Amino acid sequence: MTTYSDHALHAHEPNSSTCDPAFAAYLAAQFIARKGFSPHLSVSELEPARDACDYLLLKHDGMQLSAVCIVNCETDTQRAFGLSAERLRELADGCRRYAGRIGFSKMPVSVQVIEVRARALDALAHKRLAAYKRRSPLSKSFITAWALDTTNATVWTNAPIAARWSQGGWLKHLLTAPRTPVSADDNGRRLLQVKTGWPWLTFVIAATLVAMYGVEIAFAVPPGAGWFSFDTQTLFALGGLNPVSVFQDGEWYRMATAALLHGGIAHLLFNLVALLLAGFSAERLMGSAWFAATFVLGAAAGAALSLSFGAAGMVAVGASGAIMALLAAGLICSLRLVDNAERLQIQMRLMFMLIPSLIPSATSHDIGGATDYAAHFGGALVGTVIGVLLRISWRRHAATPPAQPLAAIIAGIGILLAAWSLTAVAAHYPRYAEVVEYIPDARIPGQWSDLSAADAADLAHEFPDDPRGHYTLGRTLLLKARYPEAEQAFRDALAAYEAHSDDFLDAFESEARIFIALSLALQDRGAEARQEAAPLCDEFDTGDRDEALTAYDLCTLPRS
């Protein structure tokens with residue numbers, strides 16, 4: 001509560017002893033132990049309410065000031081909270097200076113009046129307590145009233161539905177369940193603080209991502225092409241995620257390597273910031289084993305959803321899915337902490353990165369390319385499941401979550417798969433990193449036939465991987481009756497096409513083979529020409545190609 005000034009905040013003892021057997025005393029002890037309230041703090045603006053309470057408990061979490069006034073009416077049937085609703089609202093309004101802000105929104109001040117009674121509410125008491133509410137829905141002073149009937153174990157309140165469900169259920173449990181002893185240090189033993197120390201695994205993961213970015217720079221296609229960003233060919237050659245390559249070509253290693261790559265320096269820096277925010281909270285709370293396991297499972301889930309919803313031609317990279325899992329799991333696990341300023345600050349940091357990353361319109365960072373929200377949702381979903389499972393199975397007095405060996409096994413499997421995947425990338429890289437240069441559009445004439453033999457020869461020489469240059473050269477040589485040279489040009493065109501068939505129409509292969517056959521026929525090499533044309537004769541029975549084959553009798557068996 002460092003936001004309080006010295007004159008506003010001072011130690012104060014409660015009016016009644018916590019050793020009192022009355023339910024009001026037990027309830028106060030539970031608020032202190034379970035909810036993080038303190039009987040030793042006071043705010044000068046609320047002092048007029050102290051005499052009206054048997055227990056005045058306060059909590060300040062760094063953003064919101066909350067007060068609970070417990071009135072013991074069990075033995076004294078005439079006892080009731082002594083301040084009017086309007087006076088209490090005035091006191092709450094005076095405490096708003098202690099509330100913080102989130103963006104442009106001022107956080108509220110909450111004051112609860114709880115009367116512990118041994119009888120049900122009569123009409124007069126119901127009307128009196130119902131008046132303790134905020135002035136309007138927009139008011140930042142939240143005033144609510146509760147009445148606990150210890151005889152009939154019932155709870156009445158005028159609080160909103162969410163509070164009735166959460167706190168109302170908790171109060172009902174306290175009324176009906178056997179009383180649980182609360183020791184003096186129960187708050188410290190039961191509700192853990194986040195561990196101190198450096199999140200070393202976070203730094204190891206961050207260093208790995210930086211090192212992989214160095215690998216991207218070193219093996220960019222073409223060499224030296226990438227420093228601040230990388231094109232699709234580089235990312236694909238180094239293991240970027242692509243549905244066609246995974247499902248049709250069986251390159252499953254991409255599901256692991258994609259999480260280690262980034263599309264550019266801005267993409268990397270954004271993920272490093274998110275990773276560090278997650279690490280300083282989630283790793284110190286979950287422990288290194290579950291932190292690593294969550295990273296692995298989040299990366300896998302992000303890749304799975306990205307493949308399921310991504311376009312066939314996409315190349316997805318980035319550790320975002322894994323980091324979303326860390327943020328979501330850390331947010332759920334933060335509920336293990338005592339409800340104080342540290343817990344709120346941790347939750348605010350995690351939500352600051354998590355929530356905008358799941359809302360397209362809220363993501364303002366420019367990381368280049370399109371944001372893969374499917375991967376974000378996949379990671380966040382798995383992280384939420386992990387966080388919930390750890391939260392419900394976490395032993396109350398344990399410093400770390402359960403099943404640490406299982407987490408270590410998951411992390412180890414992830415490391416082995418990543419190592420195997422990197423070897424697969426190394427094996428496939430030479431094929432995918434081949435630099436292919438095609439004739440630029442500016443060099444292509446309106447009609448290929450407009451090119452002279454010399455111009456076509458220059459294009460074929462300058463762009464040897466482009467079959468169109470060789471094909472055009474063959475056509476021009478054929479017209480000049482330079483048949484052997486034309487044959488070679490067409491064979492070069494066919495070879496270039498076969499090396500890069502995905503980039504050209506399927507009909508190109510048949511066209512090139514027909515001209516190879518014609519070149520052979522014009523050299524009086526009829527047998528070779530018919531052999532070359534044989535696969536094409538059944539394919540074309542009409543049109544220009546059929547006429548060309550028929551004119552040179554290439555589809556007729558030779559006479560014996």
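Is Arg79 buried, partly exposed or exposed? Select Arg79: its relative accessibility is 22%, and it counts as partly exposed. Here, buried means under 20% relative accessible area, exposed means over 50%, and partly exposed lies in between (1.4 Å probe, protein chains only).

Two remarks on the model are needed before continuing. The model is predicted, so that local features need pLDDT of at least 70 and side-chain atom pairs count only at pLDDT 80 or more, while totals for chains, interfaces and linings use all residues. Residues are numbered from 1 along each chain as its sequence is written, and side-chain values use heavy atoms, with hydrogens and water left out.

**The whole chain**

Display the chain as a cartoon. It contains 22 helices and nine strands; these are DSSP runs numbered from the N terminus, with helices (H or I) of at least four residues and strands (E) of at least two. Of its 560 residues, 48% count as buried. Now show the surface: the accessible area is about 27200 Å², and 60% of this belongs to carbon and sulfur atoms. Such areas come from the Shrake-Rupley method with a 1.4 Å probe, and for residues only the protein chains shown count as cover.

**Salt bridges**

Arg79 lies in the loop between S4 and helix H3 (85-94), and Asp54 in the loop between H2 and S3, so the pair ties together parts that are 25 residues apart in sequence. Asp54, at 15% relative accessibility, counts as buried. The term salt bridge denotes a side-chain nitrogen of Lys or Arg within 4 Å of a carboxyl oxygen of Asp or Glu. The structure holds 20 of these salt bridges.

Next, select Glu115 and Arg128, whose side chains meet in a salt bridge of 2.8 Å, N to O. Because Glu115 is in strand S7 (residues 109-117) and Arg128 is in helix H4 (residues 123-130), this pair connects parts 13 residues apart in sequence. Glu115 is buried at 0% relative accessible area, whereas Arg128 is partly exposed at 26%.

Then select Glu251 and Arg431, a salt bridge whose closest N and O atoms are 3.9 Å apart. Glu251 belongs to the loop between helix H9 (243-247) and helix H10 (254-257), and Arg431 to helix H16, so the parts tied together are 180 residues apart in sequence. Glu251 is buried, with a relative accessible area of 4%, but Arg431 is exposed, with 53%.

**Cysteines**

Which residue does a disulfide join to Cys53? Select Cys69: the S to S distance between the two is 1.9 Å, and a disulfide is defined as a pair of cysteine sulfur atoms within 2.5 Å. The link is left-handed, with -115° about the S-S bond. Cys53 is in the loop between helix H2 (47-50) and strand S3 (55-60), and Cys69 is in strand S4 (residues 65-72), 16 residues apart. Cys53 is buried at 1% relative accessible area, and Cys69 is buried at 2%.

Cys73 counts as buried, at 0% relative accessibility.

Select Leu209, Leu275, Leu327 and Leu354. These residues have the most contacts inside the largest nonpolar core, which has 63 residues. A nonpolar core is a set of buried Ala, Val, Leu, Ile, Met, Phe, Trp, Tyr and Cys residues joined through side-chain atoms within 4.5 Å. Among the elements giving two or more residues to this core are helix H7 (200-218) and helix H11 (265-286). Beyond its neighbours within four places in sequence, Leu209 is in contact (heavy atoms within 4.5 Å) with residues including Ala259, His262 and Leu275. A second, separate core of 31 residues includes Val113 and Ile143.

To finish, select Leu337, which is placed in the loop between H13 and H14. Leu337 is buried, at 2% relative accessible area.
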